[in-house]
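Reader: I have a new model open and would like to go through it piece by piece. Start wherever you like.

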Amino acid sequence: MANEMGITVKKEENMPEWYSQVVVKSELADYSVVRGCAVIRPLGYSLWQSIVDYFNQRLNKLNVQNAYFPLFIPESFFHREAQHVEGFAPEVAWISTKSDNEERLAIRPTSETIMYDSYSKWIRSHRDLPLRINQWANIVRWEISDVKIFLRSREFLWQEGHCVYSTEKECEKETKMMLKEYAKMSEELLAIPAITGIKSKKETFPGAIRTYTFESFMPDGKALQSGTSHNLGQGFAKAFNISFHGEDGEEHTPWQSSWGFSTRLLGALVMVHGDDKGLVLPPKMAPIKAVIVPIAQDKSPEVMKKAKEIHKKLKKFNAHLDDRADKSPGFKFNEWELKGVPLRIELGPKDLEKQSCVVVSRFNGQKEIVPLNDLVAFVDKKLKQIQKEMLEKARKKVEERKTKATTYDELKNAIEEKKLVLAHHCGNKECEEQIKTDTGGATTRCRPTGEDKPEPNSKCVCCGEKAKYKIYFAKNY
RNA sequence: GGGGUUAUAGUGUAGCUUGGUCUAUCAUCUGUGGUUUGGGACCAUAGGACCCCAGUUCAAAUCUGGGUAACCCCA
């Protein structure tokens with residue numbers, strides 16, 4: 001039955017509207033009265049918390065420490081690195097409250113400058129390196145006025161890691177390592193296939209010499225930049241006077257990297273896994289991994305008694321017992337499906353007779369009758385299986401959308417067909433711009449890791465100049 | 001930057017052209033009581049709204065002007 005409580009549009013037919021409905025109706029997040037900003041509700045925040053917990057464990061293993069730097073950045077800091085100021089100037093929000101002789105302050109759009117000012121004081125010796133610091137923070141980028149919750153908003157949450165190394169080699173090695181960490185997290189935790197590679201010159205972070213990226217490919221044929229790891233070279237170090245005494249007694253300029261991902265990942269999670277009934281959460285992300293729905297609970301005290309028993313047994317999965325008396329089972333089924341809970345356990349009088357229950361998987365709708373005695377082991381196994389199968393399913397969808405283009409027409413057609421297109425490119429910014437114009441906004445995504453070498457004597461798909469590398473093209477979020 | 005559309009309970013809406021039983025429709029929602037329960041149950045009962053400011057008028061949700069906000073289209 002069509003009802004405005006549920007999702008009223010199909011994912012395939014109108015993805016922007018579908019996305020907005022899923023996010024709001026599942027209570028992940030909500031729009032706010034503040035223009036350009038969204039509210040992350042408890043369910044949405046718990047998903048972010050899952051990511052934070054996972055990543056903090058990884059950071060600990062990688063000897064990265066968490067810290068916190070000011071939200072405000074003096075205007076002059078931006079001007080120290082020429083490309084950095086040029087890249088961020090249009091989207092910086094400024095504080096207008098200040099006394100006459102005070103410097104104007106920006107609200108951080110990213111924290112390189114404010115952090116590196118401190119770094120210059122802290123780093124003296126090669127013994128102080130490598131320095132690896134991460135901060136969890138909120139970020140403001142003001143140019144955005146139309147909100148797409150998690151994907152585009154003026155304020156968002158992220159982590160930014162900022163490391164300093166004594167050698168170029170070590171810096172490059174760890175810049176790449178962090179990208180691998182991101183890809184691993186995307187696939188293991190979020191069950192989202194990661195496409196990794198190097199950004200083109202045009203898409204490189206302002207102030208960096210090289211940007212590694214992991215891209216997620218959405219079901220509507222658009223790519224989403226989901227995390228980046230930048231080799232900053234020595235530009236910021238020079239601009240912020242970071243130097244160290246080497247073993248040789250000489251003064252040296254260190255090498256730096258920065259890397260980050262944001263609450264955008266939650267947007268990807270919704271789009272990749274969600275369906276016409278709402279959210280679908282991978283078990284590792286779901287705050288509640290199973291919900292128990294008793295049938296005829298008021299008529300049969302036995303049902304409630306057993307349901308409570310099961311609830312206790314499934315505590316380690318943070319199972320939820322939905323014992324609301326004023327809601328029918330059908331209502332509950334729909335509601336928990338909307339919220340994406342991985343498993344639903346139905347328990348009614350008919351099940352009690354057989355000492356079993358019905359377990360339904362959210363992501364494929366599969367129903368299984370499970371003996372009550374085997375339930376805990378079954379749930380454990382099933383959750384692991386679902387986590388794996390969700391990644392496989394998502395990966396298969398991405399692979400189906402990958403294609404290659406050797407001519408400009410092929411490229412344009414493939415983009416039109418919502419593909420992720422691999423083609424030769426000359427590496428010129430002007431040529432990238434031309435492609436963007438001709439394809440209705442498709443941009444170069446990345447030179448895929450290990451697959452970006454051009455064929456001998458190959459030419460750029462657009463301008464016909466000698467190709468420098470192979471690169472993915474797709475429309476962009 | 002230019003053009004268009006809209007603004008009514010928590011949500012979605014009817015009413016506006018032609019001002020007057022509008023004491024504002026319907027559904028959902030929220031509270032309470034009861035009957036229900038294997039795919040969005042039902043009955044009873046209560047609650048909740050005309051974006052803001054001015055003007056016209058005996059009389060404004062409705063007409064006029066201004067403001068504000070949102071959405072859409074074009075550059």
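Author: Val293 stands opposite Glu346 in β17. Strands here are DSSP runs of E with at least two residues, helices are runs of H or I with at least four, and both are numbered from the N terminus. This is a predicted model, in which local features need pLDDT of at least 70 and side-chain atom pairs count only at 80 or more, while totals for chains, interfaces and linings use all residues. Residues count from 1 along each chain as its sequence is written, with chains lettered from A and ligands numbered from 1 in the order written.

Reader: OK. Which strand pairs with β17 in the parallel sense?

Author: Strand β15, residues 290-294, over 5 bridges. Two strands pair if DSSP finds at least two bridges between them.

Reader: And which one pairs with β17 in the antiparallel sense?

Author: β18, residues 356-361, over 4 bridges. Glu346 stands opposite Val358 there.

Reader: What's on each face of β17?

Author: Leu343, Ile345 and Leu347 lie on one side, with Arg344 and Glu346 on the other. Both faces are covered. In a regular strand the side chains alternate between the two faces of the sheet.

Reader: What's the strand order in the sheet?

Author: β16-β15-β17-β18-β19, which is an open sheet of 5 strands with mixed pairing. β16 (320-321) and β19 (367-371) are at the edges with a single partner strand each, so one side of each has no neighbour in the sheet. β19 pairs with β18 in the antiparallel sense over 5 bridges, and Cys357 stands opposite Val370 in β19.

Reader: Which residues of α10 are buried?

Author: Lys332, Glu335, Trp336, Glu337 and Leu338. Among what covers the buried residues of α10 are α1 (15-25), β15 and β17. Just after the helix, Gly340 has a positive phi of about 80 degrees.

Reader: What does Pro329 touch?

Author: Val293 and Ile295, leaving out residues up to four places away in sequence; a contact is two C-beta atoms, placed from the backbone, within 7 Å. Pro329 is in α10 and counts as partly exposed because it has 15 C-beta neighbours inside 10 Å.

Reader: What about the largest nonpolar core, which members touch the most others?

Author: Leu269, Ala290, Ile292, Val421, Tyr472 and Phe473, among 88 residues. Its largest share, 7 residues, comes from helix α8, residues 264-273. Apart from it lies another core of 18 residues, including Tyr119, Ile123, Tyr165 and Trp255. A nonpolar core is a set of buried Ala, Val, Leu, Ile, Met, Phe, Trp, Tyr and Cys residues joined through C-beta atoms within 7 Å.

Reader: What is the bridge partner of Tyr165 in β14?

Author: Trp255. Strand β8 (155-165) runs antiparallel to β14 and is joined to it by 8 bridges. β11 (222-233) is also antiparallel to β14, with 6 bridges, and Asn231 stands opposite Ser257. For β14 (255-262), 8 of 8 residues are buried, so it is largely enclosed by the rest of the structure.

Reader: Last one. How far apart are domain 2 and domain 3?

Author: Their C-alpha centres lie 49 Å apart. Chain A is assigned domain 1 (15-273), domain 2 (290-386) and domain 3 (401-476), with bounds from an automatic or database domain assignment.

Terms used: A residue is buried if 20 or more other C-beta atoms lie within 10 Å of its own, exposed if 12 or fewer, and partly exposed in between; C-beta atoms are placed from the backbone.
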